[in-house]
Amino acid sequence: MFKTIRLFIYLALTIIFIIMGILVYKAYFGSRSRVLKIDNTAIMVEEIKKISQLFTSVYYDELVLDTFKLVDKAPGERLLDAMVIMRPGHGVANGMNYLSFRRFNMVVIARGRVFSGYDFSRLQESDLLIEDRSITFQLPPPEVLEVVINPSDYEIFIEEGRWSLEEAVALKQTAARLMSHRAIEMGILEQSETIAIDLLYNFFKTLGFETITIGSNFPHTPDQDILVPAPTLE
Amino acid sequence: MHYRPLQITRFRFTVLMSFFLLSFSFCSYFEKEKEPISVIHRLQDMSEMATVEFVVSKVVKVNDVPGWYKYGDRKLLISCKARIKAGINMREIGEDDIVISANSIELRIPHARVITLIMDPESIKEEYSKTDFFRSSFTNEDRYAFLAQAEKEIKESIPQMGVLPQANAHAVAFFESWLRAMGFEHVHVIIKPLESDNLQP
C-alpha cells in the first residue's frame, strides 16, 4: 500500500518537474528572436504612378499610446480568483470586475511625420490665367498628403498578453489619425499656404511675370478674404 | 447528523480538470484606448515637388530554426506594401537656373531625391504563423522588428528600382507642360548633375 502511494508521489513530482522544466525552457529559449534576421525575399514593383504633389510643410510628432483590453476570465480562472477574493481582508474594491476580466496593457511609442501641401493633379485649366506679363494662379486647397509612421518609428514598449498584428496595426492607424489632427491644430495647412504662395510667387517672378496673383481655396476665418493676392511687382 | 465525506472519484477528477483546463481557452475581450501623450512636436518648412510614386510589395519571411539547445520551429510570413514618393526640391531652383530669351526658356532643375517612404499599415497582413509547443509565439515587438528590417531592405533597394530616373523624367515633363502653358514656345528643361548623396528619405 505504502509502496504504491510512494510510487504515486514520485510520479506526481516527476510530472511537476517536467512541467516546470518546460515552462522554464519556454521562458528562456522560447522567444529570443531579437537577433533573428528575415529571409531574403524579392521586392516587387507593383505600380508606378505619375504624380504632381507639392510638399510644403512637415510636422514631427511623437506619441505615447496606452491601450488595454479586458479579457473575459475563464470559469476556472474565476473560481481560483474567487477563492482569493473571499479571504478576509483581501480588500479588492470591485470584486465582480476583478472576477470577470483580466486586464492586458499595451503601450507604444510612435514617432511620425505629417506632410502637407498641394495636389496639383486637381488643377484645372481655368486655374491658370496669363495675360502678357501678368499671371493669376488659383491654388487647390492644402491638404495632409502623407502621415509616415514606419515600423522603425514604432516601438512597442509594453505588451501584456497576446495581441494580434491587426490590433497593433489598428493602434498605429489611431496614432496616424491623431498625429494628422494635431498637425492641423498646429496650423500645418496655414503654413503650407504661406510657403506655397511664397514659393510660387518667387518662381513666377523669376520667369519674368510682372503682375502675380495667387488665389487660395483654403477656408479662412470669416473676416479674411478667400482670395489671398500675392504682392504685385512694382 | 451524519455527514458523508466528499468523495472525488478518478472520473470526477478527470472531468473537473478537463473543464478547468478547457475553460481557459473560451475567452472574449474588449479593448479601450486612453488619451495619448504627445512627447515632442515641431513644424518645419519644405518645398519638394513629388513627381513619381512607386508601390512595392514584399513578403517578410522568418524561419526561426532551433539551435542545439532549442526544440521546435517558429515560422512567420507577413505581407506588406510600401509607397515611395520622389521628386525635386523647388528651393534649389535659383535665378541662375532660368534663362529666358524671347519665347524660349531653359530651366535647370535639381536631381530628384526620395521624399517619403511609407509602409502602409493597411497593407501589413500576417499570412501564416506556426509555433511549435516548446516555443513561444511571436510578439508584436518581434513582428515590428522584422518589419523594420524589411523597411531597411526596401530603402536600400531604391537605387536598383529606378525610382529616381523616373522621378527626373516626370519632373522634366511636368515643368515642360507648365512652361508651355505659360506661353513659352521653346522649352528646354535640364536636370542638374547630382551634387551629393541625397538619395535616402
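**Ground rules.** I worked with a predicted model, so I kept in mind that local features need pLDDT of at least 70 and side-chain atom pairs count only at pLDDT 80 or more, while totals for chains, interfaces and linings use all residues. Residues are numbered from 1 along each chain as its sequence is written, chains are lettered from A in the order in which they are written, and side-chain values use heavy atoms, with hydrogens and water left out.

**Interface.** I began where the chains meet: 97 residues of chain B are in contact with 98 of chain A (contact means heavy atoms within 4.5 Å). About 9,100 Å² is buried between the two chains, 60% of it on carbon and sulfur atoms; buried area is the accessible area (1.4 Å probe) that two parts lose on being put together, summed over both. B:L43, B:M46 and B:Y144 supply 8% of what chain B buries against chain A, more than any other three residues.

**Salt bridges across it.** I found five by the rule, which asks for a side-chain nitrogen of Lys or Arg within 4 Å of a carboxyl oxygen of Asp or Glu. One pairs B:K81 with A:E46, with 3.3 Å between the closest N and O atoms. Strand β2 (residues 37–64) of chain B gives the largest share of that chain's side, 28 residues; strands are DSSP runs of E, at least two residues, and helices are runs of H or I, at least four, numbered from the N terminus.

**B:E151.** Is this residue buried or exposed? At 3% relative accessibility, B:E151 counts as buried (buried is under 20% relative accessible area, exposed over 50%, partly exposed in between; 1.4 Å probe, protein chains only). I placed B:E151 in helix α2 (residues 140–156) of chain B. Among the residues that B:E151 touches are A:N150, A:P151 and B:L117.

**Salt bridges within chains.** Over all chains the count comes to 22. I looked at A:D61 and A:R182, whose side chains meet at 3.0 Å, N to O. A:D61 lies in strand β1 (residues 43–72) of chain A and A:R182 in helix α4 (residues 165–185) of chain A, so the pair ties together parts 121 residues apart in sequence. A:D61 is buried at 2%, whereas A:R182 is partly exposed at 24%.

Terms used:
Lists of a residue's contacts leave out its neighbours within four places in sequence.
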